[in-house]
Amino acid sequence: MAQKMNMMKKPIIDLSDCILCGVCQDVCPEVFRLNDAGYIEVVELLDYSRSDVDEAIKNCPADCIAWE
Ligand code: SF4
């Protein structure tokens, strides 16, 4: 039960390392999007798919996505 509550964790992006390759958007478009300022941002959600975000973390070439 307590485990489920931990799903509220949120992904964060270290923008100083992000190279805007778009991989995270391809892998997980419901979580990562390009904002009007031209940066990748994390969409505000009540819950994030651990497997999808982990996939984005694994595939990010700049290694700049992490769980908060
Ligand atoms: S995969 Fe990583 S480097 Fe590529 S756009 Fe997403 S956060 Fe930036």
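**Fold, core and ligand shell of the predicted model**

From the N terminus on, the elements of the protein follow the order α-β-α-β-β-α-β. The model is a predicted one. It holds three helices and four strands. The protein has 68 residues, and 26% of them are buried. Among contacts between residues at least 6 apart in sequence, 54% join residues at least 24 apart.

The largest nonpolar core has 14 residues. Within this core, I13, V31, F32, V53 and I65 touch the most other members. Several elements contribute to the core. Strand β3 (40-42), helix α3 (50-59) and strand β4 (65-67) each supply at least two of its residues. In soluble globular proteins, nonpolar side chains tend to be buried together.

I13 is one of the core residues that touch the most other members. Its neighbours within four places in sequence are left aside here. Beyond them, I13 is in contact with C18, F32, I40, E41, V42, C64 and I65. Two of these partners, F32 and I65, are named alongside I13 among the core residues with the most contacts to other members.

V42 lies in strand β3. V42 has a relative accessible area of 15% and is therefore buried, the limit being under 20%. The C-alpha atoms of V42 and I13 are separated by 7.6 Å, while the two residues are 29 residues apart along the chain. Residues up to four places away in sequence are again not counted. On that basis, V42 touches K10, P11, I12, I13, V31, F32 and Y48. Of these, I13, V31 and F32 also belong to the group with the most contacts inside the core.

The ligand sits in the largest cavity.

Two residues other than glycine have positive phi values. L20 is one, with phi near 55°. L20 is found in the loop between β1 (11-13) and α2 (23-27). Its relative accessible area is 45%, so L20 is partly exposed. D63 is not a glycine either, and its phi is positive at about 55°. D63 is found in the loop between α3 and β4. With a relative accessible area of 62%, D63 is exposed, because the value is over 50%.

The segment after β4 contains E68. E68 is exposed because its relative accessible area, 60%, is over 50%. E68 and I12 are 56 residues apart along the chain, yet their C-alpha atoms are separated by 5.9 Å. Apart from neighbours within four places in sequence, E68 is in contact with K9, K10 and I12. K10 and I12 are also touched by V42.

Key
Residues are numbered from 1 along each chain as its sequence is written. This is a predicted model: local features need pLDDT of at least 70, side-chain atom pairs count only at pLDDT 80 or more; totals for chains, interfaces and linings use all residues. Side-chain values use heavy atoms; hydrogens and water are left out. A nonpolar core is a set of buried Ala, Val, Leu, Ile, Met, Phe, Trp, Tyr and Cys residues joined through side-chain atoms within 4.5 Å. Buried means under 20% relative accessible area, exposed over 50%, partly exposed in between (1.4 Å probe, protein chains only). Contact means heavy atoms within 4.5 Å. On a 1 Å grid over the protein atoms alone, a cavity is a set of points where a 1.4 Å probe fits but cannot get out, and a pocket is an open set with protein on both sides within 12 Å along at least five of seven lines; lining residues have an atom within 4 Å of a point. A molecule sits in a cavity or pocket if more than half of its atoms lie within 2 Å of its grid points.
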